[in-house]
2 protein chains.
Amino acid sequence: MDEAAFLESYDPTAYERPSVAVDLILMSVVDGAPSVLLTRRDQHPFAGEWALPGGFVGIGESLDEAALRILAAKARMSDAYVEQLYTFGAVDRDPRTRIISVAYFALLPADRFAAALKSAPELALAELTVLWPGETGGPIEARIGDGDPLQLAFDHGAMLSLAVRRLRGKLDYSGIAFALLPQRFTLRALQDIYEAILDTKLNKPAFRRRMLDRGWLEATGERETGASFRPAELYRYRKAEGEQ
Amino acid sequence: MDEAAFLESYDPTAYERPSVAVDLILMSVVDGAPSVLLTRRDQHPFAGEWALPGGFVGIGESLDEAALRILAAKARMSDAYVEQLYTFGAVDRDPRTRIISVAYFALLPADRFAAALKSAPELALAELTVLWPGETGGPIEARIGDGDPLQLAFDHGAMLSLAVRRLRGKLDYSGIAFALLPQRFTLRALQDIYEAILDTKLNKPAFRRRMLDRGWLEATGERETGASFRPAELYRYRKAEGEQ
DNA sequence: TGACATATGCGTATGTCGCACATAAGTAAA
DNA sequence: TTTACTTATGTGCGACATACGCATATGTCA
């Protein structure tokens with residue numbers, strides 16, 4: 001039997017198969033706090049609880065395409081930094097039936113995050129409180145305004161937690177922080193991102209040196225406007241070689 | 001409609017769904033070279049080419065369970081360091097039908113690697129040649145003995161490449177190197193692992209200090225035997241807190 | 001001219017590097 | 001049985017690079 005004949009006779013329905021979904025962790029740093037966008041579920045299961053936006057993977061689209069489609073549909077948003085995080089496959093993670101979920105996270109600058117929030121009324125902004133230092137890992141809390149910590153549907157709490165861990169791990173290593181900033185930004189704004197995500201105070205001169213020595217930043221010559229004091233220089237991110 | 005009623009009426013067969021598979025990257029360091037175990041495919045597609053051992057995910061098992069089952073079945077092996085790597089979901093990655101594959105990698109000490117190889121005759125040992133420095137990423141070559149680079153089925157070449165990248169990235173950061181060593185080992189053996197995976201020469205005294213200062217190593221008081229010169233002290237890995 | 005945040009200079013601490021040397025066991029010759 | 005030799009492990013120490021943090025200079029607006 002040659003390959004073509006084999007393909008013809010292959011029966012993809014022979015075994016019972018799980019469904020595959022994508023869940024999106026839409027993150028930003030808003031007013032110095034790491035934040036995500038959540039939806040309130042109106043359907044079973046977990047009706048009334050908060051969940052990550054997500055959807056099933058179509059038979060004709062790749063995982064990445066599914067993530068971008070959901071990003072566009074739920075957050076009216078294309079062109080963001082999107083990265084696959086982890087695949088969650090516990091048997092009972094969804095009470096309906098067997099659903100494997102591939103978690104992606106997307107990073108947005110605060111202004112585009114606010115725009116997504118405004119144009120998608122079913123989304124709510126939740127601030128994250130990380131209860132562990134460094135990359136230890138562990139549970140985190142999400143709350144809307146100054147309310148109580150939210151109860152998250154499915155294993156979405158674990159997804160959030162892992163996203164923060166990954167973010168902390170890659171922050172100083174890759175250019176991921178710049179996905180959270182507008183195209184032109186001050187060193188102070190960059191430091192604010194670092195401090196929000198790592199939940200630490202950083203020394204300003206030392207931070208400045210480290211960033212400039214890295215060679216990723218390009219001075220634009222332009223300066224901040226609107227400040228009642230010395231305006232800071234605006235920088236631009238110049239991708240390192242080998243970076244996407 | 002309450003939740004129970006909803007669950008009863010949910011129809012999981014409503015949409016066409018992809019199949020989900022797990023592929024295993026069984027790695028070790030053998031004679032100073034990073035190596036993997038491959039199988040020669042005897043079925044279509046890609047019959048005659050080399051592939052990673054893998055299998056479909058059962059409807060009643062989690063992804064991790066599937067990975068361990070395949071590890072036990074193909075390599076006669078349980079109790080190894082196993083970690084999920086990435087999920088590959090391109091539409092055309094398998095010509096049969098839509099198959100999403102979750103790649104896992106497993107790390108084994110050289111002696112147990114050899115045992116797996118002996119007890120599983122369909123597996124072959126392939127040495128890896130990494131063509132890029134550091135964590136740049138890019139293609140890698142796998143060859144059996146001193147033959148030509150193998151042609152790998154599906155996107156298994158990309159899986160291998162990503163596994164090496166992850167391994168390099170986590171090596172100095174986590175206790176992952178100890179999964180490639182027997183329970184008791186010399187500092188020299190540990191350094192050999194580092195040099196094989198990073199493909200660099202390391203300074204011995206500096207390496208020694210770094211490792212001991214890290215607090216992960218526990219001297220056993222025992223010494224290597226069989227050497228015709230000063231025997232090295234045997235150390236044991238003491239897991240850091242927060243590490244699995 | 002004062003207020004304020006950005007930006008820089010400089011001494012210090014910390015950690016790593018790498019060479020040189022001391023140490024220990026086994027081997028072989030005296 | 002003693003002694004010297006071989007070889008790789010293990011340590012001492014100075015050089016170097018990097019990062020830290022304080023103090024100070026700079027620049028713009030009110």
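Visitor: Which residues touch the most other members of the largest nonpolar core?
Guide: A:Ile25 and B:Ile25, out of the 120 residues in that core. Keep in mind that this is a predicted model.

Visitor: And what does A:Ile25 touch, leaving out residues up to four places away in sequence?
Guide: A:Val36, A:Leu52, A:Leu85, A:Ala103, A:Phe105, A:Met159, A:Leu160 and A:Ala163.

Visitor: OK, chains next. How many residues of chain A are in contact with chain B?
Guide: 34 residues of chain A, and they meet 35 residues of chain B.

Visitor: Which elements of chain A give two or more residues to that side?
Guide: Helix 1 (3-9), strand 1 (19-30), strand 5 (81-88) and strand 6 (99-107) of chain A.

Visitor: How do the residues on that side divide into nonpolar, polar and charged?
Guide: On the side of chain A that touches chain B, 18 are nonpolar, ten are polar and six are charged.

Visitor: Let's zoom out. What does the secondary structure of chain A come to?
Guide: Six helices and eleven strands. Of the 244 residues in chain A, 32% count as buried. The C-alpha atoms fill a box of roughly 70 × 50 × 35 Å along the principal axes.

Visitor: Of the contacts in chain A between residues at least 6 apart in sequence, how many join residues at least 24 apart?
Guide: That comes to 61%.

Visitor: Now helix 5 of chain A. What does it reach from its first C-alpha to its last?
Guide: Helix 5 covers residues 187-198, twelve residues, and reaches 16 Å. That is close to the 16 Å expected at 1.5 Å a residue.

Visitor: Which of its residues are buried?
Guide: A:Ala189, A:Leu190, A:Ile193 and A:Ile197 are buried in helix 5 of chain A. They sit on the same side of the helix, because they cover an arc of only 105° around the axis.

Visitor: What covers them?
Guide: The cover for the buried residues of helix 5 includes strand 1, strand 2, helix 4 (156-171), strand 9 (184-185) and helix 6 (204-214) of chain A.

Visitor: What follows helix 5 of chain A?
Guide: A:Asp199, with a positive phi near 55°.

Visitor: How about helix 6 of chain B: how many of its residues are buried?
Guide: Zero of its eleven, so to speak: helix 6 of chain B (residues 204-214) is hardly covered. B:Gly215 follows helix 6 of chain B, and its phi is positive, near 85°.

Visitor: How many bridges join strand 10 to strand 11 in chain A?
Guide: Four, with strand 11 being residues 233-237. A:Ala219 has A:Tyr235 of strand 11 as its bridge partner.

Visitor: And which way do strand 2 and strand 7 of chain A run, parallel or antiparallel?
Guide: Antiparallel, with five bridges joining strand 2 (residues 33-40) to strand 7 (residues 123-130). A:Leu37 stands opposite A:Leu125 in strand 7. Strand 7 of chain A also pairs with strand 8 (residues 140-143), again antiparallel, over four bridges. There, A:Val130 has A:Ile140 of strand 8 as its bridge partner.

Key
Residues are numbered from 1 along each chain as its sequence is written. Chains are lettered from A and ligands numbered from 1 in the order in which they are written. This is a predicted model: local features need pLDDT of at least 70, side-chain atom pairs count only at pLDDT 80 or more; totals for chains, interfaces and linings use all residues. Two strands pair if DSSP finds at least two bridges between them. Two residues are in contact if their C-beta atoms, placed from the backbone, lie within 7 Å. Ala, Val, Leu, Ile, Met, Phe, Trp, Tyr, Cys and Pro count as nonpolar, Asp, Glu, Lys and Arg as charged, and the others, Gly among them, as polar. The expected span of a helix is 1.5 Å times one less than its number of residues. A residue is buried if 20 or more other C-beta atoms lie within 10 Å of its own, exposed if 12 or fewer, and partly exposed in between; C-beta atoms are placed from the backbone. The arc is that of the directions from the helix axis to the C-beta atoms. A nonpolar core is a set of buried Ala, Val, Leu, Ile, Met, Phe, Trp, Tyr and Cys residues joined through C-beta atoms within 7 Å.
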